[in-house]
Amino acid sequence: MNHDPVQKHSAAGHPLPDDADQPAEILWQGRFIEARRKGKWEYVGRARGIGAAVILAVDDGHVLLVEQYRVPLGAPCLELPAGLVGDDVAGEPIETAAGRELEEETGYRAGRLENAGCFAASPGMVSETFTLIVARDLVRVGPGGGVEGENIVVHRVPLDEVADFVAERRRAGVMMDVKLLLLLGAGLIGSTLPDGRQAPATPLAPMLRGH
């Protein structure tokens, strides 16, 4: 008789490692993050059920980017506008938080906010996910810059000049947030195929065309 344990699978059909059934042990907890261990895995997560929203804000063929000093990096970083969800008010709607953060950081208010889905930030070491919110029908209502002490610099960059702008800021010593690949991906993919033909750039489109 076969007594081998039955392999468990995730809802998506992937075999689960043994660690998946282990309880998560909190090794350290701060106000915003926790260090956890689950089986052999050590990782970091948000405390208190806090979430995050990242905002893709396109205005008349331009995208809004923000630049601010990031203490963990020891350098300024160029990013999409973003912010925490539920850090002050538990159960806060994602769209409400995204609209607030967009206005605080960039000075722009969105007439429409569209949920483009949930994404994992760095799944090998961080349990945090973020929801991508597409902001449309933008109106400038203030200077932006974030709340006191954030000192955020706002950049309104033409979509067809993002790659050059990123290269310029990189030369100035600015780090790049990985989520900028959303804007750079088409140019990176539009390269030479193995047979020597030029691959077409993949459009970023339904998000960036303002539909």
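**Figure 1. Arg109 and its salt bridge with Glu103.** Arg109 is partly exposed in this predicted model, because its relative accessible area is 44%, between the limits of 20% for buried and 50% for exposed. The partner of Arg109 in a salt bridge is Glu103, and their closest N and O atoms lie 2.8 Å apart. Glu103 also counts as partly exposed, with a relative accessibility of 28%. Side chains of opposite charge can pair when their charged atoms come close. The count of salt bridges in the model comes to 15.

**Figure 2. A salt bridge between Glu67 and Arg169.** The closest N and O atoms of Glu67 and Arg169 are 2.8 Å apart. Glu67 counts as buried, because its relative accessibility is 10% and the limit for buried is under 20%. Arg169 is buried as well, with a relative accessible area of 18%.

**Figure 3. A salt bridge between Glu79 and Arg70.** The side chains of Glu79 and Arg70 meet at 2.7 Å, taken from N to O. Glu79 is buried, at a relative accessible area of 6%. Arg70 is partly exposed, at 31%.

**Figure 4. A network of salt bridges around Glu114.** The network links Arg112, Glu114, Arg136 and Asp137. Glu114 lies in strand β8, which covers residues 108-120. With 27% relative accessibility, Glu114 counts as partly exposed. The side chains of Glu114 and Arg136 are joined by a polar contact of 3.2 Å. The view also includes Leu132, which is 18 residues from Glu114 along the chain. The C-alpha atoms of Glu114 and Leu132 are separated by 8.5 Å.

**Figure 5. Asp19 and the backbone of Lys40.** Asp19 is located in the segment before strand β1 (25-29). The side chain of Asp19 reaches the backbone nitrogen of Lys40 at 2.8 Å. Asp19 is buried, because its relative accessible area is 12%, and buried means under 20%.

Figure 6. Glu161 sits in the loop between strand β10 (153-158) and helix α2 (162-171). The relative accessible area of Glu161 is 42%, so Glu161 is partly exposed.

**Figure 7. Positive phi at Arg48 and at Asn151.** Arg48 is a residue other than glycine, and its phi is positive, near 60°. The loop that holds Arg48 runs between strands β3 (41-46) and β4 (51-59). Arg48 is partly exposed, with a relative accessible area of 46%. Asn151, again a residue other than glycine, has a positive phi near 50°. Asn151 is placed in the loop between strands β9 (129-140) and β10. Asn151 is exposed, because its relative accessible area is 63%, and exposed means over 50%.

Key: Residues numbered from 1 in each chain as written. Predicted model: local features only at pLDDT ≥ 70, side-chain atom pairs only at ≥ 80, totals over all residues. Heavy atoms only, no water. Helix = DSSP H or I, 4+ residues; strand = E, 2+ residues; numbered from the N terminus. Buried < 20%, exposed > 50% of the residue type's maximum accessible area, 1.4 Å probe, protein only. Polar contact = N/O pair within 3.5 Å; in protein donor to acceptor, adjacent residues only side chain to side chain. Salt bridge = Lys/Arg side-chain N within 4 Å of Asp/Glu carboxyl O.
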